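These notes are meant for a colleague who has not looked at this structure before. Please read them with the model open, point by point.

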Amino acid sequence: MQDFLSLIPLGGVGDVTKNMYLYQYKDEVLIVDCGIGFADETMLGVDLLLPDISYLLQSKKKIAGMVITHGHEDHMGALPFILPQISQQFPIYASRLTAALANEKLKEFAVPTRVEVVPFGKTTQIGSFSATFIPVTHSVPDTSHIFITTPVGNFYHGSDFKFDDTPYDGKKSDYEMIKRLSSQGVLCLLSDCLGAEREGRTGSEKDILSHFQDAIAKSKGKCIITTYSSHMARLNQIIEATRNANRHISFVGRSLIKTKDVGKREGYLHLPSELDVPIDQIKNYPDNQLVLVVAGTQGQQESAMVRMANNQHKDVKINEEDTVIFSADPIPGNEVLVHELIDTLARRGATVLYPPVSHAFHVSGHGSQEELSQLMQLTKPKHIIPIGGQFRHMTAYRNMAISQGVSKNNILLLDDGQEVMFSRNEAGLGKKIPVKNVYVDEVSGEEVEHYVLRDRQKLSEGGIVIVLCEIDSGNGQLVGKPEVIIRGFSPDVARLSQRIFKDISTALSQKKDRVTNWVYIRKLIGQITERRIYRDIRREPLVLPVVIEV
């Protein structure tokens, strides 16, 4: 009987996030990556999305191990949610910084498992599989491609990467290792495809430092920069530019502060203590001596950047002399939230520099067509599966590969849950594994099949409160008193309504300009109402804010 290997993506194809791939041989499974997805504004009451591991739990197969390609949330952020669901014990391997970031997250969620560090170039046996980590450049240090050997053939798992020959940290992709390992034969290349629509090569990280220095020097007030918290090379450039401008730097936002601590401890972030100012101490410095690195590149509603833009941050007020720099592109699907955030900042009078107004402060961490073609040429695979992009990126990759002489029949465009069966010489589609959206409340860690289930639970346990507010779009203030409708419990409605009215009025009084981000206003009113109800009567009902623009 012919040997087969089964490959099943549980997330990461047709979607940029939730990366998780199963390599199955007989009764053994090797897992590659364990990432989260991000909720959009339509997913009420939801913070995170997870890969659906129902198939993995039901199959009863032995998990030989897991390997993590790099330290981005969409590749390792689901670990504290997924691991407690799996009763089996198995090793997890990653490069040094990736393991440090993953272990910090596992520690935060009190998950006892720890990720083991594997040096680049060392081959690690994992059951019937072996894995060799190959260093490649990306927007977080220690990013890996993984050469996986199986009894059926060799697989090159090439998730997020670009080939930057002049990286800021000097650590280049190891072309010789890619070529040497691939000379053993590659049955299938799984390749990042997010940059497949772009011709040429992606810009180098080294070009950005001078632009930061110019912008900081020109800023009459604070220079506020928002970038990905894990982008260590970008953070080091901002630190160097801050030092050259004789300013001080402050990291704002939980994710950035955590990355700063891990980066300094592991030796990846070079931040002199005399430059670093805690956020609650910036009041002791003139604005023109400050650079703030702020979390919230994607317009996340709870982020420090959004709170600053809406004048809700307790330590930072944005004014007309400030410069705000977006050192990141919107993740596909997040464009609306990012544009709302930029609009709100612009109305505050700050100078806002963002793509496409200025491309000087960000280069993608994903390779363009020349780099994707280069990886194909180095690996010479029999089959190719584009991963890590939306379907349009996968299609663009296929078209590019065909133009390079690859047969269309050897390029597989998959959906999450679509099994591919590999023999030594052939590949074909297998069964379709049903996968569903799995939603998680980030704060509680509660997994819900759908947000409606959580809402029903809140309704049964705590009742429901509807707050109808009319808001003047011109100045962001209440028009009259909110109408508060309560079902499921019986407080002193008049007294509670008056207190909710007072709380909302106080919060909105700090923001007396045109409303551009109604999602933020609606969420703010909901949070204020929840806090007041819990403070007064210790209940947690489902709160539905209804905002009417007048």
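1. Contact here means heavy atoms within 4.5 Å. By that rule, and leaving aside its neighbours within four places in sequence, T143 is in contact with T69, H70, F120, I134, P135, V136, H138 and D160. Please keep in mind that the model is predicted.

2. Is T143 buried or exposed? Its relative accessible area is 0%, and buried means under 20%, so T143 is buried. The side chain of T143 reaches the backbone oxygen of V140 at a distance of 2.8 Å.

3. N410 counts as partly exposed, at 26% relative accessibility. Setting aside neighbours within four places in sequence, N410 is in contact with K382, H383 and I384. E426 lies 16 residues from N410 along the chain, and the C-alpha atoms of the two are separated by 9.3 Å.

4. Next, the aromatic rings. How many aromatic pairs does a search of the whole structure find? The search finds six. One of them is formed by Y23 and F155, with 5.5 Å from centre to centre and 80 degrees between the planes, an edge-to-face arrangement. This pair links distant parts of the chain: Y23 belongs to strand β2 (residues 20–25) and F155 to strand β12 (residues 154–158), 132 residues apart. Both Y23 and F155 are buried.

5. Another pair is made by F163 and Y175. Why is this pair edge-to-face? The planes of the two rings stand at 75 degrees, and planes over 60 degrees apart count as edge-to-face. The ring centres are 5.0 Å apart. F163 sits in the loop between β12 and α5 (175–182), while Y175 is in helix α5, twelve residues away. F163 counts as buried at 3% relative accessibility, whereas Y175 is partly exposed, with a relative accessible area of 22%.

6. Returning to Y23 and F155, these two residues belong to a cluster that also includes F422, linked by ring pairs.

7. The sheet comes next. Five strands form an open sheet in the order β15-β16-β14-β17-β18, and the pairing is parallel. Which strands stand at the edges? They are β15 (248–252) and β18 (351–353); each has a single partner strand, so one side of each is left without a neighbour in the sheet. From one strand to the next, the twist averages 20 degrees.

8. T323 has T351, in β18, as its bridge partner.

9. Helix α8 (residues 254–266) lies across β15 and β16 (290–294), and runs at about 120 degrees to β15. Helix α10 (residues 335–347) packs on the sheet and touches β17 and β18. The direction of α10 makes about 165 degrees with that of β17.

Technical notes:
Residues numbered from 1 in each chain as written. Predicted model: local features only at pLDDT ≥ 70, side-chain atom pairs only at ≥ 80, totals over all residues. Heavy atoms only, no water. Phe/Tyr/Trp six-rings, centres within 6.5 Å; stacked < 30°, edge-to-face > 60°. Helix = DSSP H or I, 4+ residues; strand = E, 2+ residues; numbered from the N terminus. Buried < 20%, exposed > 50% of the residue type's maximum accessible area, 1.4 Å probe, protein only. Pairing = 2+ DSSP bridges. Axes fitted to C-alpha atoms, helices over the stretch in contact; angles between N-to-C directions. Polar contact = N/O pair within 3.5 Å; in protein donor to acceptor, adjacent residues only side chain to side chain.
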